[in-house]
Amino acid sequence: MGMKNRGVNNMSAAQDVLATLLKETQLEAEMKTMTVEQITAKFQNQAATAGYLLDFHLSDEDFFVDHQIFMNRHARYFAMPTHSHEFLELNYLLQGQCTQWIGQEKIQMKQGDLLMIDPGTGHSIDKLGGQDILINILIKSDAINTKVLQRMAQRHSLITDFLLTVGKKNSRHRPYLHFSTADNQRISTCLSYLLADYFGDETPKFEKVELWLLVILAELEDIMSSEAGELPFNKKVIDALAIIDSEYASITLEGLGKKLNFNKNYLSNLLKQETGLTFKEWVTKRRLQKAYDLLIGTDKPIEKIVAELGITSPSYFFKIFKNEYGETPNQLRKKMHRSKKL
């Protein structure tokens with residue numbers, strides 16, 4: 001009986017959120033009768049238009065104050081001009097249809113689709129109709145590798161590679177990923193919970209929002225893994241990252257080259273070109289991820305952890321760990337122990 005009631009309550013909450021998102025705002029009612037030129041003229045010099053600035057480049061300060069995630073419903077009856085931003089954007093078409101442009105490429109979204117857009121990528125959105133609901137999920141760039149995506153970074157995958165290289169000027173991957181997820185019940189359910197926990201109350205439940213987002217990204221990861229042959233990644237790079245992921249403690253660039261039948265210099269250049277990170281940076285990243293896991297999940301002495309990572313200098317380890325996580329290994333471990341006692 002309890003489980004059945006919970007299902008009814010969840011369905012009711014989702015319906016309430018949908019009804020809230022469908023409500024026409026005063027701004028939308030005004031724009032509904034205006035031409036594109038009138039709308040642009042009206043808001044060109046104002047600070048914001050339904051969550052977006054019209055200065056063609058949006059900064060983190062416009063959206064992120066106390067949290068690293070921001071969500072809103074995109075304004076209807078308004079064609080968003082070409083713009084770019086510093087953060088990662090995930091668009092979810094809850095209802096209706098939507099046309100977006102990334103450069104000269106037309107992206108036709110249908111109900112249930114998700115579109116992930118790289119920071120710094122210029123894109124525009126055609127005017128939405130009255131029944132079209134597009135949800136903008138914005139993730140602060142420096143949140144990647146931190147709280148929201150920490151566990152994503154601990155498992156090698158195509159989507160993790162995309163997330164870990166967003167915004168890298170030398171990265172050559174496609175600047176967006178388009179997912180058709182309407183028939184994926186798991187993702188649809190998670191998105192419903194995500195919307196309910198963000199829009200359902202006056203104050204978003206950010207801890208739950210972060211967890212739902214993590215699950216959604218993990219599900220997208222599975223989709224990408226199953227469709228790897230269709231994605232714009234160099235297979236040798238993926239193979240190289242997979243080897244680094246499992247052999248981080250001992251792998252060398254020369255050894256990696258031999259495993260992949262590549263000259264080490266060519267492989268080094270390929271990694272840098274395709275991902276924006278060097279071989280050494282990838283190895284360091286994986287070692288730090290493993291160190292983080294061992295520090296919070298075991299009672300192993302830090303000296304033993306350092307040795308397991310393949311790092312010979314404890315002082316060097318302490319330095320790079322603090323640079324990555326903002327605290328020393330001892331501080332992290334003490335903090336985690338205190339939180340477990342609460």
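## An aromatic cluster

Tyr292, Phe317, Phe318, Phe321 and Tyr325 are joined into a cluster by ring pairs (rings of Phe, Tyr and Trp, the last by its six-membered ring, pair if their centres lie within 6.5 Å; planes under 30 degrees apart are stacked, over 60 edge-to-face, and the rest tilted). This is a predicted model, where local features need pLDDT of at least 70 and side-chain atom pairs count only at pLDDT 80 or more, while totals for chains, interfaces and linings use all residues. Residues are numbered from 1 along each chain as its sequence is written, and side-chain values use heavy atoms, with hydrogens and water left out.

The structure has eight aromatic pairs. Take Phe262 and Tyr266: their ring centres sit 5.0 Å apart with the planes at 70°, so this pair is edge-to-face. Phe317 and Phe321 make a tilted pair, because their planes are at 50°, with the centres 5.7 Å apart.

## Helix H12

Phe317 and Phe321 are four residues apart in H12 (residues 314-325), so about one helical turn separates them. Helices here are DSSP runs of H or I with at least four residues, and strands are E runs of at least two, numbered from the N terminus. The end C-alpha atoms of H12 are 16 Å apart, which agrees with the 16 Å that its twelve residues should span at 1.5 Å a residue (the expected span is 1.5 Å times one less than the number of residues).

What is buried in H12? Phe317, Ile320, Phe321 and Tyr325 are, where buried means under 20% relative accessible area, exposed over 50% and partly exposed in between, with a 1.4 Å probe and protein chains only. These buried residues fall within an arc of 115° seen down the axis, so they line one face of H12 (the arc is that of the directions from the helix axis to the C-beta atoms). Ser315, Lys319 and Asn323 are exposed on the other side of H12. Just past the helix, Gly326 has a positive phi of about 80°.

## Helix H9

H9 covers residues 264-275, and its twelve residues reach 16 Å from first C-alpha to last, close to the expected 16 Å. Its buried residues are Leu267, Leu270, Leu271, Glu274 and Thr275. They take up an arc of only 100° around the axis, so they sit on the same side of H9. Tyr266, at 46% relative accessibility, counts as partly exposed.

At the N-terminal end, Asn263 is the cap: one of its side-chain oxygens lies 2.8 Å from the backbone nitrogen of Asn265. A polar contact is a pair of N or O atoms within 3.5 Å; within protein, one must be able to donate a hydrogen and the other to accept it, and residues adjacent in sequence count only if both atoms are side-chain atoms. After H9 comes Gly276, with a positive phi near 85°.
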